[in-house]
Amino acid sequence: MTGLDSIGCHHPNPAGEPSAKTAVEWCGSQLTYPQLDAAVTSLADRLAAVGAARASVLVMGPLTPAYVVGLLATWRAGAVPVPVDAGLTPQQYAWLEERTCPAAVVSHDATPADQYRGATTGPTEIVLDAGTAEVIIESAPETTWRARTFRDPDAGYVIPTSGSTGEPKAIVGSRRGLEEFLTWFRHEFGLDHSDRCAAVTRVNFDPSLRELLGVLGVGGVLSLPPVDAQLDLPALADHLVDRGPTTLFLVPSTATRLADEPRLATAGLPDLRLIFFAGEVLGRRVVEQWAAIAPGAEIVNLYGQTEATLAQLYRRDVQHLDHDKTRSIPVGKPRPGVEVTITDPDSTGVGDILLAAEAPALGVLHPESGDDPGVHGITPIPAPLPTGDIGHRTGDGDLVIVGRSSNDIKFGGRRVSFHPLIDAVEALPEVRQCVVVDRGGPHVFVSVAPYDAAAVEPLRTTIHTIGRSGKLPRFTLHLRADLPVLRSGKVDRLALLESADRLTEASAAAAPDEPPGDAGQAEVEQLLRDLLGPDIGTAGLVDAGVSSLDMLTAVSKINRTYGIRLTVPECFALRDAPSLAREIDKRRCSEEGAGAFADETAGTPRTTETAVYPLSSRQLAYIWVCMPGGNANWCNLSREIQVAPRCSETAVAKALHTLLMRHDALGLALTADGRHQTWTPPPASSPPVAVVDTGVAVDSAAFRTRVQTERAALVSELIDPAAPPPIRALLVRGTDGSSVVLAAHHLFVDGLGMDVLADELHAVLTGRGLDPAADPDSYRAYCVATARAELPGAAAAYWRGLLDGVSQVRLPEATGGDGAQGELVSMPLGTLCTRGVHRIAQDMGVSAFTVALAAFETAVADTFGLDQPPIIVASQYRGNADAAAVGMFTTTLIVRSPGAPSPRHNVAAFARQLAEGAEHSGWEFDQRVADLGLTDTDCFPLSTILFNQRPMPRDRRARALGSWQPRALGRALRYQLQGEVQMSGPEMVMTYYYRKGISGADVIPSVHRNLLRAIRAGQEATDG
């Protein structure tokens, strides 16, 4: 036994099995059963220490090894897990936190910051590494937080649902009920240590519990998908084919779309022995599709209600049913401990379905009990439980679900209420009746009187508009003169289902997709209207009522039609249909042969002779600050560009030449006297590219280590600022991909410029079209326009006032050895503190960067015992320069805390100083320091504490913004400590660059802990 004694999770370690057998695998990383046990124990101890026993713990998705550890550790600590994943609105998340009043939040570095927006600041948050489940940070507020507890020890988990009416509710599951279900489930379907489950279910759906715990409880392998693979059908198909599962759980609406993926349809799933369908009505076509993909698998149809503990009915061997006679797939018979009743059956035997279970959920969570405000109140589940479904029994006793008694359906695993649509449609004067049934998605049947085929089209438009305004999933609309009825006068839903089947078959028999002509973006926009609705126009995709399932269907057809690779998250990130159409047309053109180097000469400089230009005022300041003793390797910047194909040296060299042709800054060089710069036209070839072949896969730890080692070595080499071009490239190749490392001299290229170069190099190497280049003379023109003015003016007066009385600030540092050598480490903020930064910023009307800066200043002052230390802030204020231009635009601002006790006052002061500093940046940093008489120093003048920000492309998770393990920079640092906030949309990660001499065993982690405390304090002040 491994000691995984949380609910139903035991590893029997069968004879012959190694003790270090893999338990969980994800994106190239694995956790063995002993590692899983150790991670669960470690986290459970932390949860127990913060008083989580008998209280709830929000366990944040998406599905990763860290989530699995969080779930199991919560049970082991005696707490009640609340799985939280994408899909709820910010208001619903806030409601969930307020309703559950948790003791802690367990998240990980792949948890999106926008996923959770609660209502309070109280819980402790523990952030895990998504792959290893190791604790990265733990943050807690200074104030005492009292979580509500559960009186009943049988409280096992809390599942948030939208409810049958769309109102949120939280179901408290039974620990006993879950254990009994898992025991039956494993025995009934013969799960054992040889099984491998390819998990795909979102964690906030209770079926994920049987998916995760079923195989872990018998010592099998749980294989988890890449983040958000559920919204990327090709990636989901790759996950299934690559992992070769023996068990699989699917929702029919996703399954039917997934079955059309070419790789899955071609490769099949030969090892699959069990396919479980649940969450929606299972259609005949879905069964046929998956019987073809996995001919050796048994297909099982499961049915259940969250309130009655997971699945209550099951039908085995669905693939062997006679589909000519059985158009509706039965959900079978109840499992042990469950009773089913059909009440008020009509003449066809169709009636309302009631369930009774021996161990149902405990009930619906209330804010608190009446007699104790610190204890949760729970409204018991009625017995028997009305399911809201209607159905009948077959001759052999199997239950068949016909539909919903109240015009609700389950779609995408969620219950969706069509009541508002029904009420609005039946209020239309020409409508007699409106009914919704589920057959592979919602079908809306409307009887119209009088019925005129030519006159009903405006009505069709009106009904679809009502649906979109209610943000309902897309539905198939059927306008009829009459709807079939039974003798009782009720609508004959069986007849409607058969009608929907005939329509589906007719649609499937239609001609296959034909590639469109070459009519450009207009044709793409028409295709989007056909796929997503005629009225999407310029409104946001979400505002137009486009759901994830709608987009999955559209993306699948778009990718097949145009031969491109587009994902659902990419589509929603583009916000609206015109933007999406432009991106599709751009990718299509790239795939049709625009060529990797088609834009190579787009930015060719007009001038062709070597010329002399002045150094910009900012370049002069940089030379004075960072190059007082001449060139140094701390002047080197670097970026890593990961490329999926295995690149050749020639391809990288040609791509590098493209960059030289597009950006005039790469043709600059410092004159011998260091007072001017020359520009030389790009050479016919690029600088040589060093190549390192590793012989290992790019997702291996060995490859990552080699890349970092080679990157440090490249950065440690001097780049001569007097010899153009001031850029170098290194190609590190794995067996299945490559990384290219770019290094450039900071005198000519700043951090944002490096990001532009990295993005363009990636575009060229992957065949993606390049955006238009900036003006070919843009950076030289900027240098001419910003040549230094030596006379002081209003700008000098501003800085003299702000810096009055400032003296040199230096942190304590160990001397000798390699203390000046630089290292960096990144640390996440976690969902609560990231949310806190944005809430403070929104409330005060300032940038998130300013809030992070104020927290950093407080953290450094507290850690090192400093009184209002000035912080040097790198600013990318470019004036009128093109955002696509590459050059050295960085200026240096300075902020000073007013010493106010309130975090909000510090934030306000820094916001004002940043704005005023940018306005007066014409008097450069070296001029300010000279005014103060602080020029005679061997370190970064004025203050060795810096702060910066690095904007990153949107839609990256915290995990992609930094590494939690320290690494060498390969160069010395002139400053001692720099905080850099990495930002991708709402995501934020703090990266610390520091000299090794200041870093004791706990110095940087102490700075980060104090930064998190400052953010939590500011959030409490905002909420208060």
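## A buried aromatic pair

Tyr779 has a relative accessible area of 0% and is therefore buried. In this predicted model, Phe889 likewise counts as buried, at 1% relative accessibility. The structure holds 18 aromatic pairs, and the table sets out two of them with the geometry of their rings.

| Ring pair | Distance of centres | Angle of planes | Class |
|---|---|---|---|
| Tyr779 and Phe889 | 5.3 Å | 80° | edge-to-face |
| Trp184 and Phe185 | 6.2 Å | 55° | tilted |

Tyr779 belongs to helix H21 (residues 778-785), while Phe889 sits in the loop between S36 and S37, so this pair ties together parts of the chain that are 110 residues apart in sequence. In H21, the buried residues are Ser778, Tyr779, Arg780, Tyr782 and Cys783, and the partners against which the buried residues of this helix pack are strand S28 (611-614), helix H17 (617-626), strand S30 (668-670) and strand S31 (676-679).

Trp184 and Phe185 are both buried too.

The protein chain contains 27 helices and 41 strands, and of its 1024 residues 58% count as buried. Among the contacts between residues at least 6 apart in sequence, 73% join residues at least 24 apart.

The average pLDDT of the protein chain is 83, and 85% of the residues score at least 70. Where pLDDT is low, the predicted coordinates should not be read in detail.

In soluble globular proteins, nonpolar side chains tend to be buried together. Here the largest nonpolar core has 116 residues, of which Leu742, Phe856, Leu977 and Tyr992 touch the most other members. Helix H24 (residues 848-864) gives the most to this core, contributing eleven residues.

What does Phe856 touch, once its neighbours within four places in sequence are left aside? Its contacts are Ile871, Ile945, Leu946, Phe947, Leu977, Gln978, Gly979, Met990, Tyr992 and Leu1011. Another core, of 64 residues, lies apart from the largest one, and its members include Ala44, Leu213, Leu216 and Tyr314.

Gln978, one of the contacts of Phe856, is found in strand S40 (residues 977-984). With 9% relative accessibility, Gln978 counts as buried, because the limit for that class is under 20%. Not counting residues up to four places away in sequence, Gln978 touches Phe856, Leu946, Phe947, Asn948, Thr991, Tyr992 and Tyr993.

The buried residues in H25 are Asn906, Val907, Ala909, Phe910, Gln913, Leu914, Gly917 and Ala918. These residues cover an arc of only 165° around the axis, and they are therefore on the same side of H25.

Which exposed residues are carried by the face of H25 turned away from its buried side? That face carries His905 and Glu919. The buried residues of H25, for their part, pack against helix H22 (794-802), helix H23 (830-844), H24, strand S36 (871-875) and strand S37 (891-895).

## A residue in strand S18

Leu354 lies in strand S18 (residues 351-357), and at 17% relative accessibility it counts as buried, since the cut-off is 20%. Leaving aside neighbours within four places in sequence, Leu354 is in contact with Glu339, Val340, Thr341, Thr343, Pro384, Leu385 and Pro386. Leu354 and Gly388, which are 34 residues apart in sequence, are 8.2 Å apart in space, taken from C-alpha to C-alpha.

Conventions. Residues are numbered from 1 along each chain as its sequence is written. Side-chain values use heavy atoms; hydrogens and water are left out. pLDDT is the predictor's confidence in each residue, from 0 to 100. A nonpolar core is a set of buried Ala, Val, Leu, Ile, Met, Phe, Trp, Tyr and Cys residues joined through side-chain atoms within 4.5 Å. Buried means under 20% relative accessible area, exposed over 50%, partly exposed in between (1.4 Å probe, protein chains only). Helices (H or I, at least four residues) and strands (E, at least two) are DSSP runs, numbered from the N terminus. Contact means heavy atoms within 4.5 Å. The arc is that of the directions from the helix axis to the C-beta atoms. Rings of Phe, Tyr and Trp (its six-membered ring) pair if their centres lie within 6.5 Å; planes under 30 degrees apart count as stacked, over 60 as edge-to-face and the rest as tilted.
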